[in-house]
Amino acid sequence: MAPEATSFRTKLLVAMMLVVLVITATVLYLAQRNVEADVARHLHEEFRSEVGSLLAVQESRMETIAERCRALASSVRIRAALEEGDIEDLYLNAQVELRGVLDSSGMEGGTDQSLLHATFFRFLDAKGAVMSPSSATTEPWEAQLSMIAAPATGQVGYVTRRTIEGLAVMDQVIATPIISTDTGEVIGAIILGFIPIELTTKESAKNIKSGIWCKGELRLPQSEESSSDTLSREVANALNKPLGNSTVEIDGAPHLLFYKLLNPSSHFPPAYEVCLYPLADSIARTREVRWKIIGAGLLLVVGGLVASHFISVGLSAPVTRLAQHSAEHRERREQAETALEISREELLVLNAELQMALSDLKSSQHQIIQQERLRALGQMASGIAHDFNNALVPILGFCELLLLSPTILGDKQKAVSYLETIQTAAKDASSVVGRLREFYRPGKTGMAFGSVQLKRLVEQVITLTTPKWKGQAQANGATIEVSLELESVPSISGDESALREALTNLIFNAVDAMPAGGTLTLRTRRGDDCAVIEVADSGTGMIEEVRKHCLEPFFSTKGEGGTGLGLSMVFGIVQRHSGSLDIQSQPGSGTTFIIKLPLEGVTTIRTSSSVDAKLQLPLRILVVDDEAPVRDTLAAILTTDGHIVVTAVDGAEGLKRFASGQFDLVVTDKAMPRMNGEQMAAAIKNISPLTPIILLTGFGLFHDKEEFPQVDVLASKPIRIPALREAIAEALRHS
Amino acid sequence: MASGFMKQLLFLVSVALLLLPRSLLWGDATVEGRVELPGGHSAPVATKRYEIVTKAGVVATDPAVAVVYLEGVFPRQTNLLRAQMVQKDLTFVTPLLPVQLGTVVEFPNLDDTYHNIFSYSKPKRFDLGRYRSEERPIPSQVFDQPGLVALHCDIHEHMRGIILVLESPYFTKSDMAGRYRLSGLPAGHYTLKAWISSKTTLERPVELKNGATLRVDFP
């Protein structure tokens with residue numbers, strides 16, 4: 001059986017036993033109380049009936065006495081004696097009269113004659129004072145008889161009197177008024193003393209004590225006087241209680257005490273008939289009943305146990321079934337939960353697999369992008385080579401021209417013009433190389449942000465892209481007109497070459513979009529808090545679907561000819577400049593790309609610091625490069641800026657030089673024989689950790705500063721003067 | 001017998017004195033007036049009976065009647081005075097009887113039944129016992145102490161009488177209205193008293209002159 005069911009049965013048993021016990025206890029209590037109440041009631045009734053009969057006897061005695069006294073009072077002699085205050089005559093006459101009264105056998109038969117036997121008599125005058133028969137021997141107890149005035153009606157009282165033998169005796173006294181026959185006024189009273197009427201106690205209850213309690217004294221005929229004192233106190237206490245009965249202790253035994261007023265509305269002090277019933281009998285009865293009930297209760301308990309056993313068996317059967325069902329349910333639930341747990345684990349595994357698959361997918365995507373990028377690079381390489389060659393053409397051309405005709409150098413204006421063209425071409429060549437960088441370091445920070453003049457930039461880009469829109473288009477038999485609507489806009493902060501590349505891309509796209517020729521329009525203007533560049537073509541335009549997706553990587557409409565990366569790259573560059581790119585396009589009427597770039601003022605710290613760089617105090621600079629032209633160029637630039645320059649041909653010599661002299665700064669090439677730049681930088685840092693080191697590298701575009709912790713600034717070759725100054729300023733800032 | 005002669009002579013003198021006009025012997029002053037009686041609201045009826053009642057220990061007549069008497073020192077009466085307290089129709093005919101000290105009062109029973117006249121009063125305690133009308137001699141008592149003697153009949157509890165024993169020979173009973181008249185009084189200074197009840201006796205000093213009538217009202 002299930003333990004729940006057993007426990008249920010036990011609980012049921014205990015509960016039933018408790019109920020039986022409670023019932024037994026209640027019955028016991030009630031029965032005991034009933035027995036006690038019964039005994040008390042029974043005794044009280046007995047007492048009442050006895051006191052009632054006593055009172056009846058007393059009443060009849062009083063009536064008889066009153067009648068006799070009326071006769072007595074009507075005696076002319078008594079009255080005359082009373083009027084005269086002649087006590088001797090009064091008592092003399094009264095003796096005669098009373099003898100006649102008390103001896104008269106006119107009473108009905110059966111009445112105890114002793115009841116009417118007066119033990120003494122006294123007269124009261126009209127003022128209620130006792131008229132003692134002989135004033136010389138007035139007994140002290142007679143004072144108890146006096147009243148405020150002679151009573152108008154019969155009075156019953158109790159007085160304690162000392163007999164001649166010296167015994168204290170309690171007498172019942174009946175006072176009867178003596179009324180004048182002619183005036184009807186009370187002229188006195190006669191008091192007759194009697195032996196008190198005793199209760200007719202039954203023989204069966206011989207222990208019953210009865211007596212009269214008056215003025216704090218209890219007179220028990222059966223009781224010795226000594227115990228009366230304590231008893232009197234008990235009775236006095238009991239009388240103070242409002243109830244007509246109470247329980248008192250007499251000689252250690254409980255007694256039921258009843259009392260009743262014997263002389264209601266009397267001028268005499270109140271007297272009570274007191275009856276003490278020993279409770280020993282009732283206690284015995286109670287005990288007997290108690291044992292009976294306890295026995296019955298035990299039987300009931302045993303019966304209840306048996307019954308409750310059967311009942312609980314009967315009741316617990318469904319509970320057992322319920323418990324079984326419940327256990328089954330629990331098992332099933334546990335199974336279900338286990339299954340759930342398993343499936344959860346499976347799900348976790350699946351999830352992990354999916355995660356893996358996703359990461360695989362991502363790496364695949366990355367690889368694809370890389371491949372795509374490489375492919376694009378390959379495709380661009382021809383373009384770049386072409387551009388680079390184009391850039392080299394003016395450089396070589398003007399250089400040859402100058403070498404062949406040195407006299408031109410004399411014409412300073414012409415020479416500067418030639419040199420500027422050379423410089424621009426060289427810059428562009430450098431920029432073309434830099435373009436490759438974007439394919440490898442998209443989104444990397446460390447872009448050289450500088451101040452960019454958009455108008456000039458656009459003009460440069462148009463010049464640079466001439467081969468595309470003029471040469472290539474013409475080669476395809478199309479004529480493209482270029483329209484420049486360039487307003488002056490404030491310079492912006494940005495990466496000039498990146499922006500140039502972006503514009504180049506847009507121009508290429510525009511040219512590609514006009515296979516049959518058209519107009520390419522470039523605009524610069526100022527917008528709200530921004531500079532705006534617009535590249536518009538009058539080409540085929542884009543349908544909405546294309547326009548939506550054209551900025552996404554790998555989206556191309558050019559088939560094999562496009563990488564799908566051009567516009568997404570443009571978008572990336574614009575975003576890096578915190579700008580926006582809008583596209584307005586109508587199929588058949590062309591497309592306009594609108595680039596909005598924030599105006600300068602946000603990121604201009606570099607520019608100002610580059611100005612400061614020139615103001616530096618003359619520095620002692622160690623220049624280390626294995627290539628003499630570069631070394632000499634650097635030395636020349638730095639010397640021109642007012643610095644003191646010491647040169648070394650490789651790392652080893654550089655280190656030697658550094659150790660033998662005081663240097664504020666070290667500028668070194670990266671790739672050198674014997675000891676390369678990094679090694680030397682590390683060695684120098686060991687000697688003087690605070691000396692700033694600038695590392696120049698022809699591969700600078702493909703490296704990050706973080707790869708060379710031993711140097712302070714990483715600069716890429718070929719380095720131009722402003723960049724060099726800036727690098728110096730930054731290196732000094734670092735130290 | 002000398003003593004017998006003397007007795008006869010004394011008797012004759014006494015008779016002569018009695019026959020003499022009082023004014024000559026004792027003077028002739030008169031006092032009259034009215035005693036204000038308690039319960040005076042009841043209209044005075046000349047023939048109305050009165051009875052003796054005891055209320056709160058005070059004995060008086062009802063309706064009230066006063067006994068007016070002159071108090072003073074007077075020569076002792078030598079002659080034997082007699083009076084009667086007659087019982088008839090189960091009552092005393094004159095319930096209030098003033099008598100001079102030393103008077104012999106007879107208690108004739110004129111009814112057909114027994115009477116038993118007795119008194120517990122201090123001035124005179126007596127008990128005549130039962131007697132009928134034919135009882136001879138008529139039961140009598142000498143009242144030789146001044147004061148009030150209350151009479152009872154042992155057989156007839158309602159019968160009450162008063163004998164007022166006075167030291168003075170000059171007394172009279174007023175009528176129901178309290179009017180009285182005392183004549184033949186000796187001249188001189190006296191106290192005139194009016195007994196109204198056992199508790200109340202009014203008094204006035206008076207100066208009596210022969211032939212003059214003094215008007216004294218109580219109170």
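**Note on the predicted two-chain model**

1. In this predicted model, the contact between the chains involves 13 residues of chain B and 15 residues of chain A. On the side of chain B that touches chain A, two elements give two or more residues, namely β2 (51–55) and β13 (147–153) of chain B.

2. Leaving aside residues up to four places away in sequence, Ile163(B) touches Met85(B), Leu97(B), Val99(B), Val105(B), Phe143(B), Val149(B) and Leu151(B).

3. Chain A contains an open sheet of five strands with antiparallel pairing, in the order β2-β1-β5-β4-β3. The edges are formed by β2 (130–131) and β3 (155–162) of chain A; each has a single partner strand, so one side of each is left without a neighbour in the sheet.

4. Within this sheet, strand β1 (residues 120–125) of chain A pairs with strand β5 (residues 186–194) of chain A in the antiparallel sense, over six bridges. Phe121(A) has Leu192(A) as its bridge partner in β5(A).

5. Helix α2 (residues 76–84) of chain A lies across β1, β4 (168–179) and β5 of chain A, and runs at about 115 degrees to β5(A).

How values were computed
Residues are numbered from 1 along each chain as its sequence is written. Chains are lettered from A and ligands numbered from 1 in the order in which they are written. This is a predicted model: local features need pLDDT of at least 70, side-chain atom pairs count only at pLDDT 80 or more; totals for chains, interfaces and linings use all residues. Two residues are in contact if their C-beta atoms, placed from the backbone, lie within 7 Å. Helices (H or I, at least four residues) and strands (E, at least two) are DSSP runs, numbered from the N terminus. Two strands pair if DSSP finds at least two bridges between them. Axes are lines fitted to C-alpha atoms, for helices over the stretch in contact, and angles run from 0 to 180 degrees between N-to-C directions.
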